[in-house]
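User: Hi, could you walk me through this one? I'm new to it.
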Amino acid sequence: MLDLIWLLPTFPLLGFLSLVLTGGSLPKKIVAVIGAGSIGLSFLVAAIIAAQFLANGEAHFIKEVWVWMSVGSFSPGFTFYLDGLSLVMMLVITGIGFLIHLYSAGFMLDDPSYSRFFSYMNLFVASMLMLVLADNLVLLYLGWEGVGLCSYLLIGFWYENPANGYAARKAFVTTRVGDTSMAIGLFLLFAQLGTLNIQDMLHAAEAQWAIGSGLAVAASLLLLGGAVGKSAQLPLQTWLPDAMAGPTPISALIHAATMVTAGVYLIARTHVLFELAPNVQLLVAWIGLVTLLMAGFTAMTQHDIKRILAYSTVSQIGYMFLGLGVGAYSASIFHLMTHAFFKALLFLAAGTVILSLHHEHDIFRMGGKRKQLPVAFASFLIGSLALAAFPGTSGFFSKDEILLAALEMEGPGLILWIGGVIGAFFTGIYSFRLVFVVFFGESKAHHEDKEVAGFSMAGPLILLMILSVFGGLITIPVQEVFNHGDVHEEHHVSAFMHGIMIAVPLLGIGVSYLFYMSRALSIENLMASSMAKSLHKFWFSGWGMDRLYQILFVNPFLFLARVNRADLVDRFYELLVQLTRIAHKMVAQTQTGQLRWYALSIAAGLIVIVSLGVLL
Amino acid sequence: MQSIPIEHGLILAGILFSLGLIGVLTRRNVVFVLMSLEIMLNASGLAFIVAASRWGHAEGQIMFLMILTLAAAEVAVGLGLIIQMYRRFNTVDINVLSKMKG
Amino acid sequence: MILVILIAVLFVGGLLAWASERINPEYPRIISLLIVLLDIVLMFSLLGGDSSATWLVDLQADWLPRFGISFHLAADGLTVLLLLLTGFLGVIAIGSAWGEITERTGFFYFNLLWTLAGVLGVFTALDLFLFFFFWEVMLIPMYFIIAIWGHENKNYAAMKFFIFTQVTGMLMLVSILMLAYSHYGQFGVFSFDYFDLLKVNTSGPLEMVIMLGFFIAFTTKLPSFPFHSWLPDAHSQAPTAGSVILAGVLLKTGAYGLIRFAVPLFPEASMQFAPIAMTLGAISILYCAKVAFAQTDIKRLIAYTSVSHMGFVLLGIYAWNEEALQGAVMTMLAHGLSAAALFMLAGGLQHRIHTRDMSDMSGFWAKVPKMSAVALFFSVAALGMPGLGNFIGEFLVLLGAFKANITITVISSFGLIFASVYSLWVIQKVFHGEYRNIDFDDSHLYDLNRRELIYFGLMMVGLIWMGMYPQSFLDLSQGALEGILASSQIVATAAVTK
């Protein structure tokens, strides 16, 4: 049965092909069945394979479908590699993917491009599965770029609005910068180690490269560049908030649960390389920390419901990077999984809110919606509790694991831990700021319609709610991959520290309550000073990074392009043409048409030749 | 009779030739150009005669006969062309013939 | 013999097509289509052989024995791939000219077929005099195609194309003669034959000079910065079928010339010159991508992207190792398809709305969804999306070039970013956004018809095949490239040991 692993990306791929080739002529019910059904089938197969794999107890399973190319010593294959890590990833992708597809069947029902939506979504899932199941870095890169393409297509899904197209292109080009860095890393790895098969490459690296060697540093830095782009971490995080221009289900699938976790997966997969370059690994942790704090600040100032969740995603992935940086790979992957649960839940619930309130995105124009939108309210409540790491929720367990691992690391571990705790404080604030503003208080929106939550939408929400609460009890089978103990390993940390970690999110929730529920503290007073206003503006704009990139990269490129539109080199050849014309005019002057002139020139020429003949 | 040194003859022929050439190049009247051409032809004929007498061969005299014939034919055609030119342009100024300019 | 037949069929077919116009103006295009299909069928017979052997077919006959000129045609795996590409694009070109060319159709198809015949000759000739002959033969009919059936600036563009290629071809002729003379000096007989000339041992500045003659001729055809400026004009002014042949096939003759002649005949000079050549490739990639982005004429934009892609080919060739060369070959094949498709889309658009100016276009996805989807596919291919052929080529080139020169490869990799900028910009400007039809007459803006869908479909299948299962192509060229790599090694070491 394990041999059928190739079916996993094939079902969505077939779904994509059938939807593209029929080009929107199928009725919507069939489209939904094909679109969601293909992912459902993949999930089924994935579950069976997972069960069998775990029962077998093997460490890994390899299946080559065909040799992709073979040039010299470079011969990557279309080969699937199954181990604990890819197992977790594939289940998350197909499982959450299926739920989101199911939700979209109801959510996108009124959209005229229903078929196009599902075709892109299916292509995305196929690419993402290729990414996590690839046994060599080139095949991984195929999946990597494929998800980037689908992300572009889906962000710009409503193409009539050029702003969506702009956001889509921004996402694609920004991640392309990271992809190029990764590609250069691949070239380096192949040139030095002779193979891009992941396991062979890692063994060769361990054998040939000393810890801290320049090559290891270079290779891991380049791969980190790719990871940072795809996972929207510093310095390539600017595309994710704008990506919210796409339909909400894709924000849930691509920009919360799966694509943005690709970077985390990459680093986890090649962790041996990072361990050979400890400075780079530490850098991963620092990037994670700075990003999670920056995004946390910004999330607290946003008022678009999806942008809050977007910045929250950036922040949570920062936690995952933090975990990877301190060597807590299992914890990071565990957090990846739980984050997929509750972030997908939050985004899908946000979709329900937006749809029910007729495409209202601004939370300050909602309010008191908990009676009107019960399912969304329940989802948001549970999701935010998990996000804020309320004790007992899945998010609590996973975030705790990471912070504990950070604490136990020597050196900067304490600083990382403190930063993570501050981040948790912020998480509590912004997540419940959203809940309190949208669902409590006075109702500002004028639409009092019923909640839009048919079975196809409510079902996944309920399932995700259950997973968000109880998902923390799942043990992910990644021991052998990471040579570390179980996810829930024993930690030797004082009760005091534990206490802080539990209390801080609650403190955040409490602060948020004081500002937004009970109105005991006043936002207006806090924002009164001009310094507060400028800080707010600064954080709101994502720490000014968009503007920075505009000035540093975009404007110079546009300027250069515009200035040289006609191509300098062409001007040079035009110059040659002009010179030829001038020479022509000059020579044409000798054709006077006068007989005597011609006779003179004949005579003169004759004299010259004769005298030359005589002299030489 | 005392033989004239060949150098004198050739120098005379050279001078005559140059005079003829200058005439061709500088005179504006076509008839005079034609006359200068005749001088050039005769100069070359003179050179032939002188050479023939020096070496004692008859070929030079024969060449001169040929040149004479050539000159006569050429003059006939040339005068015919001049008459045509006068009929068309009402002048014998050679500068008028410059349609091949450029 | 088969090679002579392949070329002769096209020559005769061209004449037939021209003559048949008198009977019925529809006949030339039908006849040319049949002729090219016949040629493709004949080409398949070349595929059956043992691909591990370097030379599959060889034909040599005396022509001017006093000067050592023979009629020498041969094909190896690399040649066969390029021949197939030529045949395939020939069919596509005829398909695109089917509806577009209405005046003097006989003469048009005559020129088209004779250009193809010239190209086939270029790919198979192994006698340098014969090679030069075919080089010129493929040039003149293309000039006519641009000059007679081109667009508003056709005379300028045609003349520019002709002069660039002709002048540099003359440089190549001088080099050929110098090489033949060197052979005479070394061996006492004149010879223009490829295998004889491989044995000639030139060195020092003389070798560099002769090599440069070849190099300049081939990089002008490729084209590479700084000799590329004929291409945007030629491509934007040529009729669509002309653009397809120009971009898809003629450009590859430059690359072929570099692989077959410029480097193996002058190994030491090439090694010395390689960093400069690779730098030119890198500049081509980046500079032309930037200029492409700034264009408003859609065909000019695609033309500049062609130069950018051929920069990868140049980079790969002068890296001169197996991965890079295979990458160059794959890029040639994949670019042949993707550039041809993009030009056909642009040409199709021009045929429908009579403008190439992108500032007049917006939001076409709503009106012509099939065309937009096809355009999206090929733009995505052009930016190097894995799963399609262009990625295989570019990746292999960069992989191989990395081993040769790290700095230049890293710089060239930024071309991947720029490629995404211009490709997605075209889609955004023309197909996305709100539909606006104030600047042109949209009465004829209909979607792709069945004929167009068929050949776009064929090209899409081709690109996907190249992207997912490139081994079928790589196998064919492997023997040939290994042979070329080995022979240049032998000559180089032989020269050293002498």
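Analyst: Happy to! Let's begin with a definition: the radius of gyration is taken over C-alpha atoms, and the globule rule is 2.2 Å times the number of residues to the power 0.38. This is a predicted model, where local features need pLDDT of at least 70, side-chain atom pairs count only at pLDDT 80 or more, and totals for chains, interfaces and linings use all residues. Residues are numbered from 1 along each chain as its sequence is written, chains are lettered from A and ligands numbered from 1 in the order in which they are written, and side-chain values use heavy atoms, leaving out hydrogens and water.

User: Okay, what does the globule rule say about chain C?
Analyst: For 498 residues, a compact globule would have a radius of gyration near 23 Å, and chain C agrees with its 22 Å. Its C-alpha atoms fill a box of roughly 70 × 55 × 40 Å along the principal axes.

User: And how many helices and strands does chain C have?
Analyst: Chain C has 19 helices and two strands, counted as DSSP runs (helices: H or I, at least four residues; strands: E, at least two) and numbered from the N terminus.

User: Switching topic, how many residues meet between chain B and chain A?
Analyst: In chain B, 13 residues are in contact with eleven residues of chain A, where contact means heavy atoms within 4.5 Å.

User: How many salt bridges are there between them?
Analyst: Zero between chain B and chain A; a salt bridge would need a side-chain nitrogen of Lys or Arg within 4 Å of a carboxyl oxygen of Asp or Glu.
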